[in-house]
Amino acid sequence: MKKIFVSGCYDILHAGHIQFFQEARALGDYLIVSFASEDVLWHHKQRKPSIPDEHKKVLIESLRMVDEVIIGTGMKKGLDFEEEFLAIKPDVLAVTEDDLYADVKKDLCAQVGAEYLVLPKTPPKFTPVSTTVLVNRIKAPTEVPLRVDFAGGWLDVPKYSRPGAYIVNCAVTPMVSLRDWKYEKKSGMGGSGAWAILEGRNPLQAELDLGVGWQDPAVISETGLCVWRSGMRPILDAKCTGDFLEGRMAIYYTGYEHDTPGNVGNERDYDRIAQSSLIARTGVLESNIQTLAAGVSLYYSVQLEEGMKPLPAIAGSIARKYCGGGHGGYALYLFPTAEAREAAMQAHKELSPIEPFCRKLS
């Protein structure tokens, strides 16, 4: 009887694990699956398994291609199954191409005359997924806000960050979900960051991979009216509920999509962007919409100089700017009072009301 041995965490069983077990079982007559115990996981990764060890053992044992299941309790990194392996003396230790502990496993195989066999990558039968992605998907919220930015945009992109400058933004309703999206797509309101959060992906890394900044996932996750320090990673400088903005914000769709990644390299006046952030920050700290509007207006003048099309003047508004830096999508309009916003919305049906959103403490 040719015994095949495999090991891993297998924290949440998914189709990728099943395919690996099938391919390993095809190498011989008897498949032994070992997984790291709860104590081992905590010792090496400082996390607990998603399901208790005994439950996981029963689940894996129920698979038709698996003949035996072992819970590894050894504390050697990569060799939590060492004691059992030496006792069983399997014929083959099968691993994947990305095995991180090849050297120590090859030494272990040599002690019992087992073959260390790397299974080649085969086309996945299902969309690849990892345990981490599954855990994040379970943890992911069902709905999140989007955001509007007031000033300091682009200073959250690491290569454009400036000491002493800020990014000022606000999470807004209505909320969005994977099934209910109340806004235009590619709108400049942080939709890609929101989508990554809803899917359980790392939203900060997803945005940085696009070559843009971190402000969208930062404020969508934090919620509220926020001031962030410009820098490589989000550091919250100040936060409030944004109640003074209630009834005073509206968005206008320009009719064309924005493209922030495509405009990262444009020439723009970062000194004035930094100045706009200082003014807007003061407006937040003082809960003063007129001061906040002054910061927004200064930023809008930078957008115009960059080449963005002028936005329509709307009677009663005290400031306007494009949401995001992509030359399109939604534009934000600020109003001094709720009555002024209502009058503007009556005159301009293309305006949509938005409100500040701050998550309540549970």
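Which residue stands opposite Phe35 in β3? Phe35 faces Ile71. The model examined here is predicted, so that local features need pLDDT of at least 70 and side-chain atom pairs count only at pLDDT 80 or more, while totals for chains, interfaces and linings use all residues. Residues are numbered from 1 along each chain as its sequence is written, and side-chain values use heavy atoms, with hydrogens and water left out.

Helices (H or I, at least four residues) and strands (E, at least two) are DSSP runs, numbered from the N terminus. Two strands pair if DSSP finds at least two bridges between them. Strand β2 (residues 30–36) pairs with β3 in the parallel sense, over five bridges. Both belong to an open sheet of five strands with parallel pairing, in the order β3-β2-β1-β4-β5. The edges are taken by β3 (68–72) and β5 (115–118), each with a single partner strand, so one side of each has no neighbour in the sheet. From one strand to the next, the twist averages 25°; such angles run from 0 to 180 degrees between N-to-C directions, and axes are lines fitted to C-alpha atoms, for helices over the stretch in contact.

Now to strand β12 (residues 330–334). Five of its five residues are buried, so β12 is largely enclosed by the rest of the structure; buried means under 20% relative accessible area, exposed over 50%, and partly exposed in between (1.4 Å probe, protein chains only). In a regular strand the side chains alternate between the two faces of the sheet. In β12, Tyr330, Leu332 and Leu334 lie on one side and Ala331 and Tyr333 on the other. Strand β10 (residues 249–253) runs antiparallel to β12 and is joined to it by five bridges, and strand β11 (residues 319–322) pairs with β12 in the antiparallel sense over four. Ala331 is the bridge partner of Tyr252 and also of Tyr322.

Helix α10 (residues 270–285) and helix α11 (residues 289–306) have axes that come within 7 Å and cross at roughly 160°.

Finally, Pro353 is placed in strand β13 (residues 351–356) and, at 38% relative accessibility, counts as partly exposed. Pro353 and Met249 are 104 residues apart in sequence, yet 6.2 Å apart in space, C-alpha to C-alpha.
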